[in-house]
Amino acid sequence: MKKSKKNMLSLIIIGACIFVVFIFPLYWMLVTALKTQLEIFQIPTPLWPRDLTFEAFEKQLSQSSDTLQGFKNSIIIAVGATVISTVLSIPASYGLARFNFKGRKLIILLFLITQMLPSTLVLTALYVMFAKVKLLNNYWAPILADATLGIPFSVIILRTYFISIPKELDEAAKIDGCGHIKAFIKIMLPIAKPGIVVAAVFSFVYAWGDLIYGITFMTNPTMRPITSSIYNYVQQYQTLWNSTMAFGIIAISPVVLIFIFMQKYIVSGLTNGAVKA
Amino acid sequence: MKKTGHKLSAANLGLLFSLPALIYMMIFIGYPMIQNLILSLKNVDVYTFARPENQAFVGIDNYIALFSNANSVLPKAIINTVIFTVASIFFQFIIGFGLALLFNNKFPGCSFFRGVTMISWLLPVTVAGLLFKFMFQLNGGIINQFLTSLHILEEPIEWLLEGRTAMVAIVVANIWIGIPFNMMLILTGLTTISPEIYESAGLDGANKLQTLFMITIPMIKPAIMSVLTLGFVYTFKVFDLVWVMTKGGPVNATELVSTYAYRLSFEEFKFSEGAAAANVLFLILLVVGIFYIKTIDDNEVM
């Protein structure tokens, strides 16, 4: 099929227009963060900052603000949840991919279903459970809860990944005298690394984006994850939009960085996790 | 079970590998689900919460109350959730499909544009919600400014303070978030169609619309089914977006089942009623979820 140059050009133009519409909200977030309050409420509000100011960022990044504390809390929570989720999902997905045992299908099904559960379903019971063992306002509560968001997804995509690795590699390892577990650690883990990265990235993004566990388990302002602290910030300072948007940009920065550096992985993860299940 | 290291039978070993994750999910999802079911059959609220001796089983009273009490918002919340979900999926799917068709062509900048459209899906929903809340404001809201300067609106309106427009606003925000998911899944489906099929259709004199409906759509039906059912499940349980943008207001106009369940439990401290509402949500999702699993079971690896 040969495409004319004109056809190509119109595709680029359509692509660019969609890009502009899609990216506009993000552009608007950045622009608002760089405006003065005065400019934000001007009618009509200018489409770019005439009076460029970093005041909002300076304010959010100063010692007295909750932003950095929330950021730190979120890093601890998201990394903790990612570690738990990845460490548990790797062997599980390997077991479900490589061995045919009774109940295997049921277990896969259970993971598929847990991916679809609303958090409100387990929220109250988890709250009571964590209250009993004195884990409220402790990093462990959201870490343990957020890991449940990553595990089903990770198991499902890692399983498809392990299935795609030729079985002969296991066999070869076994001939060389490795047991199952040794073969798994020495041969499979290194090969499965890209899949593991996808699983870890998604577990991190899920945990980072969580709001409901954060606002429920962490009522102490200094312990709040960043999503919960920006939510509380807006409740308090309704119309301080430049500060809120600066806060927002800080809150999305890790995800944006992950996106920039790992786009390829993310695309494969999204499609494998959902379609191939 | 044999205990001799690598002489374990393959079957048991597979189970052993899956066990840690399984036990973890049993503790933090399975057990709470059972607790939630029990809670929904009791009368736990702010008065009886700290006094277990006053808690009693009340059967399905909470469910009956949720569906028949005059002051229960659940029926309205279910209708709202259906409207929210259907409207979101309708537009997400159509726009996502269009974008997938576009990006299935190779042109300069194609992968860059496609990549950037992905980002709305990755952002923390809380931040996306606040961003849209800001854009829909009466004062300083850019959406009002655009619509008035294009003369679509006579004057700026309070989107989030009026029931119908508030629903429009949360749907618009959710569409923005969900388009990449639809686009990527359909795009993956499209790449499985070999170009020869299109070429022979071209030779047979089929026009573009005919090709779309007679070839493309039937061939990617599995992907379309996945997108629609999964999209339904994910949209039906949306919580953070609505909580951040409208908190279910004004006057329950955007109350969804998930936000209502949360409100009952953690704002009104009617724990048992909240648990029952969450179970209603779960039941609806389970039915759709089983439908989804059946469709992928028919044509996928399981």
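Which side chains meet in a salt bridge at 3.6 Å, N to O? That pair is Glu267(B) and Arg263(B), and point 3 comes back to it.

1. First, some ground rules. This is a predicted model, in which local features need pLDDT of at least 70 and side-chain atom pairs count only at pLDDT 80 or more, while totals for chains, interfaces and linings use all residues. Residues are numbered from 1 along each chain as its sequence is written, chains are lettered from A and ligands numbered from 1 in the order in which they are written, and side-chain values use heavy atoms, with hydrogens and water left out.

2. On to the interface. Chain B brings 93 residues to the contact and chain A brings 98, where contact means heavy atoms within 4.5 Å. About 8800 Å² is buried between the two chains, with 82% of that from carbon and sulfur atoms; buried area is the accessible area (1.4 Å probe) that two parts lose on being put together, summed over both. Helix H1 (residues 10–40) of chain B gives the largest share of the side of chain B that touches chain A, with 22 residues; helices here are DSSP runs (H or I, at least four residues), numbered from the N terminus. That side of chain B divides into 66 nonpolar, 20 polar and 7 charged residues.

3. Now the salt bridges (a side-chain nitrogen of Lys or Arg within 4 Å of a carboxyl oxygen of Asp or Glu). Arg263(B) pairs with Glu255(B), the closest N and O atoms being 2.7 Å apart, and both residues are buried. Here buried means under 20% relative accessible area, exposed over 50%, and partly exposed in between (1.4 Å probe, protein chains only). Arg263(B) has 14% relative accessibility, whereas its partner at 3.6 Å, Glu267(B), is partly exposed at 38%. Lys247(B), Glu255(B), Arg263(B) and Glu267(B) are linked in a network. Lys270(B) and Glu268(B) also form a salt bridge, at 3.3 Å, N to O.

4. Two serines of chain B are worth a look. Ser88(B) sits in helix H3 (residues 74–103) and is buried, at 0% relative accessible area; among the residues that Ser88(B) touches, not counting those up to four places away in sequence, are Asn174(B) and Thr235(B). Ser68(B), in helix H2 (residues 61–68), is exposed at 52%. The side chain of Ser68(B) reaches the backbone oxygen of Ile64(B) at 2.6 Å.

5. Finally, the rings. Over all chains there are 35 aromatic pairs: rings of Phe, Tyr and Trp (its six-membered ring) whose centres lie within 6.5 Å, with planes under 30 degrees apart counted as stacked, over 60 as edge-to-face and the rest as tilted. Phe24(A) and Phe146(B) make a tilted pair, 5.7 Å centre to centre and 55° between the planes. Phe24(A) lies in helix H1 (residues 5–33) of chain A and Phe146(B) in helix H7 (residues 142–149) of chain B, so this pair joins two chains. Tyr94(A) and Phe162(A) are edge-to-face, at 5.3 Å and 75°. Their helices are H4 (residues 67–98) and H7 (residues 140–164) of chain A, so the pair ties together parts that are 68 residues apart in sequence.

Note on methods. Nonpolar A, V, L, I, M, F, W, Y, C, P; charged D, E, K, R; others polar. Polar contact = N/O pair within 3.5 Å; in protein donor to acceptor, adjacent residues only side chain to side chain.
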